[in-house]
Amino acid sequence: MLTLEKFQSAESVLRGVILDTNLVYSPFFSKQSGNSVWFKPENMQLTGAYKIRGALYKVSLLSAQQRDRGLIAASAGNHAQGIGYAAQYFNANATIVMPETTPLVKVNNTKAYGVKVVLEGGIYDDSHAYAVKLAEEQGFEFVHPFNDLDIAAGQGTLAFEILRALPDTEIILVPIGGGGLAAGIATLAKILKPDIRIVGVEPAGAASTKISLRVGQVTSLQKVETIADGAAVRTPGDIVFPYVQKYVDDIITIEDSKLVDTFLDMMESHKMVVENAGLLSAAALKFLGAQGKNVVALLSGGNMDVITIASLVQHGLRRRGRIFTFRVRLPDRPGELHRISGIIARERANIIELQHNQFVDINRTSDQGTEISITLEAFGYDHRSAILMALSQEGYSPEQD
């Protein structure tokens, strides 16, 4: 069972090995939500995520004979690196099965610990099934990423750190994938402070725990579809589910579009890279339905590849009207492009990209024989409207892409 003694045992193993990630107060998110908001930045943890806690504690409990047989795990990335670190720390061999869609940075970072990486399946559940098969065939010791009380105890040590740093914490927001993290934190937090409120946060496209809680038993989704790959779990863990049932007070689901907005807010207000699953708790602050509370939101990880970062920034800026593209037709004669750029300069916008097509119309002598497509950087929707209005007033008919 998850008892205070078990959590204390886990903390004694982890103390001096992992980082005690200090709480970060957020003026921006506090003002935005109407609460006093602190972040627990496990994106700054060793291996870039909280998963090292459960992995290290679990492997510490294995016998020398079990470690010698070799470890195997399935993971979308963060548990993989946690097991990699633990295997290296205890001098054990490990094989990690990861979904084929796992970001390259997570694959490479996992390999850096000297473990073997096998890419199999489209989502975590597929990788899990293959890892179990390999464990049976080759005698490896399977280490589950969430459906294990030892793992949950390791993850739950976060509650010790949160309540030591901020004893007046009233609400903890916890991302939920399979439920191990939520089970651990919620159980220990309620032991230490029974009146604390624990709110789990799931992607709307992978809300398996919320549905399971609603029907009263572990329920599998037909499919999962979310950019929060670290929380894209089709079936919650049946071993940890009773603890989630008992101690998690509420579940908030978050659409992917909100994660894009939150990524931009986190980058601009805190200069921190937090992966999509790790942003769930921060995105949920707007939907908490509370005011004037001391809230700690767990940023569960920060392992994200550069291509994904670039994509999120691009999408986030477009969603806010800070980058937009329009097309306009004009005569094919000297000075027209200069005239357009002059209007844009007067409106204090910045041209990012321009494409000039002289062959859009077979009649190049017409007043609309040429088309240009311009991508601009603006200050937001009001500025975008002002730019388009200025072009219209000069006789152009801009069309937004």
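Two strands are said to pair if DSSP finds at least two bridges between them, and strands themselves (E, at least two residues), like helices (H or I, at least four), are DSSP runs numbered from the N terminus. In this predicted model, local features need pLDDT of at least 70 and side-chain atom pairs count only at pLDDT 80 or more, while totals for chains, interfaces and linings use all residues. Residues are numbered from 1 along each chain as its sequence is written, and side-chain values use heavy atoms, with hydrogens and water left out.

Strand β1 is joined by two bridges to β2 (residues 36-41), and the two run antiparallel, with Y25 standing opposite W38 in β2. They belong to an open sheet of six strands with mixed pairing, in the order β1-β2-β10-β7-β8-β9. Because β1 (24-25) and β9 (250-254) stand at the edges, each with a single partner strand, one side of each is left without a neighbour in the sheet. Helix α9 packs on the sheet, touching β7, β8 (197-203) and β10, where contact means heavy atoms within 4.5 Å.

The largest nonpolar core has 35 residues, of which L2, I172, V174, L181, I185, I198 and V248 touch the most other members. Such a core is a set of buried Ala, Val, Leu, Ile, Met, Phe, Trp, Tyr and Cys residues joined through side-chain atoms within 4.5 Å, buried being under 20% relative accessible area (1.4 Å probe, protein chains only). Elements that each supply at least two residues include α1 (4-14), β7 (171-175) and α9 (180-192), while α8 gives the most, with eight.

Methods: Buried means under 20% relative accessible area, exposed over 50%, partly exposed in between (1.4 Å probe, protein chains only). Axes are lines fitted to C-alpha atoms, for helices over the stretch in contact, and angles run from 0 to 180 degrees between N-to-C directions.
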